[in-house]
Amino acid sequence: MRVLLLSRRQQPARRDEGAVAVFVAILMPVLMIMAAFALDIGNAYANGRQLSVSVDAATLAAAGKVGSAIPYGQACTSTVLTSIGATGIATAEANAVNTANNKAGTSEPVDSVTVRCASANSVEVSVSNSRVVKTALAGIIGIDEIRPNSSAVARYQRYPTAGGLRPWAVCETTVVAAQGAPNITFATWLDNKQFGGKCLADATGNWGGVDFDGGNNAAGDLAYWTQYGYPRPGDPVVTIPNPVLPADPGVSNSNALKTAFASLVNQVVYFPSVTGITGNGNNATFNAVGVVTAKVCGIRYGNQVYNTGSTCWDPALAATVVDNKGKLIDHIQFRWVNYTGSYTSGSNAPACDFTNRNCVGATLLWR
């Protein structure tokens with residue numbers, strides 16, 4: 001019997017295994033570069049975005065501080081900016097705000113701050129900053145750090161006269177409370193009861209109405225100013241602050257005024273801010289100290305509520321606006337609006353220093 005010896009032949013190494021190894025070796029630097037792009041550039045981009053937000057906030061705050069420091073009634077000039085130390089004010093504020101927004105919690109002064117007068121009634125502040133972001137992988141291609149940068153320009157507008165004012169005074173204590181809670185609805189009463197105690201004075205027969213031109217208290221004027229604001233072309237200029245802003249001793253029940261009230265709902269308007277009222281009747285005056293920038297949530301007037309389409313009318317608040325006999329009182333409901341950004345942006349950052357009674361909330365990012 002023949003026995004066959006069977007043997008297994010050894011298989012040669014696969015050629016494709018070596019090819020893969022060579023291919024991976026060739027691609028490794030490329031893969032590392034791609035990883036560097038994904039990690040380091042992504043990190044630098046995130047830092048750049050945060051830097052941009054911080055610089056915007058710092059610029060707005062700096063412009064507000066400088067604008068508030070310019071004495072009321074003085075035009076913006078290079079001499080005035082020098083006299084108040086505008087660059088120092090702007091730099092200190094920009095550094096403080098930029099540091100507060102630094103997620104690392106460390107001090108981060110800005111790179112540069114410049115201040116100039118954009119016009120006689122506006123001051124412009126420019127802020128720029130950069131940040132060193134160390135890389136983790138990009139060092140293999142000679143990039144040890146990335147430096148994102150950002151800059152912004154803001155203007156603080158302050159006018160020596162206030163135009164577009166509605167003829168309804170708001171007690172300053174209410175204004176201060178509203179400034180501190182811009183997402184809460186507040187009420188300003190349309191009769192003199194709001195001024196007793198809250199604004200330190202009372203005047204029999206006077207309501208919250210303002211007679212801007214000190215005229216004959218025509219009902220048509222009150223309705224027009226309510227709907228469109230004061231002044232009309234040719235009307236006398238009203239300057240605020242003003243300790244003798246004339247008060248209107250009576251509120252018309254005209255259909256034109258009712259239409260005007262209805263037109264205010266959801267509008268952002270200006271109201272005079274006052275600390276009190278003195279005198280009686282046609283001789284009464286408000287002590288006007290500033291301007292309220294407010295979104296009108298609705299009005300209760302003459303047993304009727306005007307709040308169609310309102311996004312902030314508060315019925316619970318309306319039920320609390322009563323006299324000492326429990327009778328509902330006519331009032332305007334409003335929310336404070338800051339013009340650091342648009343109202344719809346939801347920004348609650350202060351447009352300027354609220355301790356300055358001349359502030360009209362008009363600090364805007366310019367570019």
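This is a predicted model: local features need pLDDT of at least 70, side-chain atom pairs count only at pLDDT 80 or more; totals for chains, interfaces and linings use all residues.
## The S1–S2 hairpin

Strands S1 (112-119) and S2 (122-130) are joined by a hairpin through two residues. Helices here (H or I, at least four residues) and strands (E, at least two) are DSSP runs numbered from the N terminus. S1 and S2 run antiparallel, with seven bridges between them; two strands pair if DSSP finds at least two bridges.

Residues are numbered from 1 along each chain as its sequence is written, and side-chain values use heavy atoms, with hydrogens and water left out.

## Two nonpolar cores

A nonpolar core means a set of buried Ala, Val, Leu, Ile, Met, Phe, Trp, Tyr and Cys residues joined through side-chain atoms within 4.5 Å. Buried is under 20% relative accessible area, exposed over 50%, and partly exposed in between (1.4 Å probe, protein chains only). The largest core has 25 residues, and Val66, Leu81, Val113, Val115, Val123 and Val125 touch the most other members. Elements supplying at least two residues each include helices H1 (15-69), H2 (78-83) and H3 (86-100).

Take Val115: leaving out residues up to four places away in sequence, it touches Val66, Leu81, Ala86, Thr87, Ala90, Val123, Glu124 and Val125, where contact means heavy atoms within 4.5 Å. There's also a second, separate core of 24 residues, with Trp168, Val170, Leu257 and Tyr306 among them.

## The buried side of H6

Helix H6 (residues 255-264) buries Leu257, Ala260, Phe261 and Leu264. They sit on the same side of H6 because they cover an arc of only 100 degrees around the axis, taken from the directions from the helix axis to the C-beta atoms. Their cover includes helix H5 (219-228) and strands S9 (268-278), S10 (285-301) and S11 (304-306).

## Two disulfides

Count pairs of cysteine sulfur atoms within 2.5 Å and you get two disulfides. In the Cys76–Cys117 pair the sulfur atoms are 2.0 Å apart, and the link is left-handed, at -80 degrees about the S-S bond. Cys76 is in the loop between H1 and H2 and Cys117 is in S1, so the pair ties together parts 41 residues apart in sequence.

The other disulfide joins Cys297 to Cys312. This link is left-handed as well, with -105 degrees about the S-S bond. Both Cys297 and Cys312 are buried.
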